[in-house]
Amino acid sequence: MNRAAPQAGRYALAVLAHLALLVAWYLFVRLGDVPQFVMPSPQATFQALLSPNYDWWANTLVTGTEIFGGYLLALVVGVVLALVFTWSKTLEALLLPVIVTLNMVPKVALGPLIIVWFKYGVFPNTIMAFSIAVFPILLTTARGLREIEPELLDLVRSLRGTRWQLFTKIQLPGSLPYIFAGMKVAAILAVAGAIVGEFLGSDKGLGYLMLQVQVTLDTPAMFMAVILITLLGMLLYDLVLLLERLFVPKDARVA
Amino acid sequence: MSVEPFIHLAGVRKIYRGGGHEHLAISDATFDVLPGELVSLVGPSGCGKSTLLKILAGLHPHDGGEVRIGSTTHHFDPARDIGMVFQAPLLLKWRRILDNVLLPAELLGLPIAAARERARELLALVGLGGYEQKYPYELSGGMQQRAAIARALVHDPKLVLMDEPFGALDALTREKMNLELLRIWKESGKTIVFVTHGISEAVFLGTRVVVFTAGPARMADNFEIDLPRPRTLDLKTHERFGVYTRRIYKLLGME
């Protein structure tokens, strides 16, 4: 049996389900006679894209920068910190409990503080996205690094392998399935972080735009903003899935 | 005139400190290994035999006594003359068999084309010709362990340390691997230190057997095995084979 056929069938069903959602949305608004400021029709929503006042492209770019910037920063910091923990047991014993506690802090509650510290704009929102995305990556990477058999490290040390060799040849590829598990969770969180940052204080971005059009009750534009934010999140998530497919053999994937 | 030993151990002690108390892992290990010997270290769990192997590998410092590896005729470079085989094959899941075997050559920065050629020869030697491009999960446990042996030989080390390499295999595969190891040892001419808790395995393989006992950990005996070579499974019914194994059973308090 050909494996591609059921695969294609699944894709077709997925597309169909989304189209059905669109139709249901349309019928609900149309038949229910719902006023536009409560819930706009799909057409009205897409028409909002044509309004030049909203500067969609620039705002999407800003939010995208915050999400992807914060996410990349979280990836680098998360993996490096987890790696440092494998070098020093003392440091791990000292810092890991603190990190677990920090993870419990609702990052949204830090928003006003971050604005105090970094003013408002792209940078604090990037930090917001980072602060919420870094923990799952750090914790899963640390877990993955712990799973590597100590004898394998002995093997490398018996040949006087360097830390860099140990990292690139054993630790990184060995913990990659775990890193990706964390990256998937972090992708969704990074989007939320950036938008919350924009809600709290910003002068551009899709979250900022939503607050602006809320005042004028331009619900179609709000819908459009939500759709664009979702698309940004999907882009990031799918990128992570693609990288996982490229770098992690199927039987080694976690969750 | 006697041959200069390749390994000379005199009064080697190892103490583990932790949790406020000391644990004597090795009290007084004294024995020599000649170049090209296959010495079995046999004893129960916790008798310090694996610890001794780690000391020989340069992974742990010792706390007293003398450890000398290498002789005037057989120069020993601790940074590159160690090959290690563990109880688990510890192959890297994400690498093909050939690339797994190449790992030590990569760590040592050896010319890769020549190493690849050698890796192919070694895979043929251990009976894995044709499996170069397979992934570890496609091989049985015994085959994975053969690949691990090839990996331990790829950088042409003078000393191969084996820590219960066949301990996880079923009895039949284990006997087969014993014969294979003798063949590989004969063809490669390496000095091998072989840790096992299998008494008959120790006698069957060794040119010499060093017996360790636990509680307290100490070296109990060290004697040559005078049995005809090449060794075949028939040897296990040899009268002297029984004498040797009984001698070890007695030392370990099992008779």
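This is a predicted model: local features need pLDDT of at least 70, side-chain atom pairs count only at pLDDT 80 or more; totals for chains, interfaces and linings use all residues.
# Reading a two-chain model

Q: How many helices and strands does chain A have?

A: Chain A has ten helices and zero strands. Its pattern, followed along the sequence, is accordingly written α-α-α-α-α-α-α-α-α-α.

Q: What does the C-alpha trace of chain A span along its principal axes?

A: The spans of that trace are about 75 × 60 × 25 Å.

Q: How many of the residues of chain A count as buried?

A: Burial is judged by counting neighbours: a residue is buried if 20 or more other C-beta atoms lie within 10 Å of its own. In chain A, 37% of the 255 residues count as buried.

Q: Which contacts in chain A join residues at least 24 apart?

A: Take the contacts between residues at least 6 apart in sequence; in chain A, 81% of these join residues at least 24 apart.

Q: What order do the strands of the open sheet in chain B have?

A: A sheet is read by asking which strands pair, and two strands pair if DSSP finds at least two bridges between them. In chain B, three strands form an open sheet with the order 2-1-4 and antiparallel pairing. Strand 2 (21-33) and strand 4 (64-69) are its edge strands, each pairing on one side only. On average, with direction ignored, neighbouring strands of this sheet are turned by 30 degrees against each other.

Q: How many bridges join strand 1 of chain B to strand 4 of chain B?

A: Strand 1 (residues 7-18) and strand 4 of chain B run antiparallel and are joined by five bridges.

Q: Which strands of chain B does helix 1 of chain B lie across?

A: Helix 1 (residues 49-56) of chain B lies across strand 1, strand 2 and strand 4 of chain B. To strand 2 of chain B, helix 1 runs at about 70 degrees.

Q: How many residues of chain A are in contact with chain B?

A: Two residues are in contact if their C-beta atoms lie within 7 Å. Here 17 residues of chain A are in contact with 19 residues of chain B. On the chain A side, helix 7 (150-158) and helix 8 (163-200) each supply at least two residues. Helix 7 of chain A gives the most, with seven residues. By class, the chain A side has seven nonpolar, three polar and seven charged residues.

How values were computed:
Residues are numbered from 1 along each chain as its sequence is written. Chains are lettered from A and ligands numbered from 1 in the order in which they are written. Helices (H or I, at least four residues) and strands (E, at least two) are DSSP runs, numbered from the N terminus. Axes are lines fitted to C-alpha atoms, for helices over the stretch in contact, and angles run from 0 to 180 degrees between N-to-C directions. Ala, Val, Leu, Ile, Met, Phe, Trp, Tyr, Cys and Pro count as nonpolar, Asp, Glu, Lys and Arg as charged, and the others, Gly among them, as polar. A residue is buried if 20 or more other C-beta atoms lie within 10 Å of its own, exposed if 12 or fewer, and partly exposed in between; C-beta atoms are placed from the backbone.
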